[in-house]
Amino acid sequence: MRLSQVLFSQGFGTRRECEGLVWHGLVSVGGRVIEEPAEEVDTEGLVFTVQGRDWRFHEKALVLLHKPTGHECSQKPKHHPSVLNLLPPPLRNRGVQPVGRLDEDTTGLLLLTDDGTLIHRLTSPKHHVPKVYEVTAKHEVTPGQVAQLLAGVVLDDDPAPVRAAACEATGETTLRLTLTEGKYHQVKRMVAAVGNRVEGLHRSAFGELTLKGVPSGAWRWVSAAEREQLERKR
Ligand code: URA
C-alpha cells in the first residue's frame, strides 16, 4: 500500500494532510524517513513512526479503554465530555465507536472499534459475551437479593425476566454481577428491582478481557488473539 494511503487509512488526516506529513519528513518506517508519499510499503506487521510516535498498522481498530467517571459514551454528549476525547486523534478520525455503552457515572472496561460488523456481533443479544460488573450498593446486599438476581427479575420494558449469569456478594454492600446481555441501565434497574440501589458501578471484565495494567483514563490495543477469543461462539 502507498505510504500516504497507509496514513489515511489509519486516521492521520485527509489524503492531502497525509501526503504533507510524508513530504515534510515526519514519517519513518524501520528507522528510515520516507519522503515519497507514493512509496509502497508492506502492511503485514507494519510499524511506522509519525512525528516520533510508533504506530502499528491495524486494518480495523479495536481498543480497550479504562473509562473514568464524567465521560459520556454518546458521540454527541450533552453534559460531559465524550469518551472519544480520551483517545488520540488518529483513532477518533478513524471513526471508532463504543461497543455498547457505559453510563456517565460508570467506570471500567469499554471497547471501541471502527468495525461495524464487530459492534453488531458483540452487542447482539445472540452473542452471550459475559460482562462483569462490580456494584457498590446503598443498602446491605442480602442473600435473598443475590438469589433473586440469579433467578431473574422483571424490568419495566419487557415482561421476560432477566437474570444474572453469576452473582455474589463481595462485601456487606458490594456485589459482583455477570450479565450476558446489555439492556439500557440494566445493572441499575436489576438492583433496584430487588429493593437495593446502585451507588457505584464499575465494569471489570468483558469476555476474557480485564483492565490489568490499564490505569483509569488510559487505553490499549486489543490483540488479534484477544479479538478472536471475544468473537468465539459461546
Ligand atoms: N448497567 C447500568 O446500569 N449501567 C451501566 O453503565 C452498565 C450496565
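Two residues are in contact when heavy atoms of theirs lie within 4.5 Å. This is a predicted model, where local features need pLDDT of at least 70 and side-chain atom pairs count only at pLDDT 80 or more, while totals for chains, interfaces and linings use all residues. Residues are numbered from 1 along each chain as its sequence is written, and side-chain values use heavy atoms, with hydrogens and water left out.

**View 1. Where domain 2 meets domain 3.** By an automatic or database domain assignment, the chain splits into domain 1 (3-56), domain 2 (62-125 + 208-231) and domain 3 (131-206). Here, 16 residues of domain 2 are in contact with nine residues of domain 3. The C-alpha centres of these two domains lie 22 Å apart.

**View 2. The area hidden between the two domains.** Buried area is the accessible area (1.4 Å probe) that two parts lose on being put together, summed over both. Between domain 2 and domain 3 it is about 1100 Å², with carbon and sulfur atoms giving 45%. On the domain 2 side, Asp103, Thr107 and Leu109 lose the most area to domain 3, together 35% of what that side buries.

**View 3. Charged partners across the interface.** Side chains of opposite charge can pair when their charged atoms come close. In a salt bridge, a side-chain nitrogen of Lys or Arg is within 4 Å of a carboxyl oxygen of Asp or Glu. How many salt bridges are there between domain 2 and domain 3? The count is two. Look also for aspartate 105 and lysine 188, whose side chains form a salt bridge (2.8 Å, N to O).

View 4. The structure holds 14 salt bridges, and one of them joins the side chains of glutamate 231 and arginine 121 (2.2 Å, N to O). Glutamate 231 belongs to helix H7 (residues 224-231) and arginine 121 to helix H4 (residues 116-123), so this pair links parts of the chain 110 residues apart; helices are DSSP runs (H or I, at least four residues), numbered from the N terminus.

**View 5. Two rings, edge-to-face.** Rings of Phe, Tyr and Trp (its six-membered ring) pair if their centres lie within 6.5 Å; planes under 30 degrees apart count as stacked, over 60 as edge-to-face and the rest as tilted. The structure holds three aromatic pairs. Phenylalanine 12 and tryptophan 55 have ring centres 5.3 Å apart and planes at 85°, so the pair is edge-to-face.

Key. Helix = DSSP H or I, 4+ residues; strand = E, 2+ residues; numbered from the N terminus.
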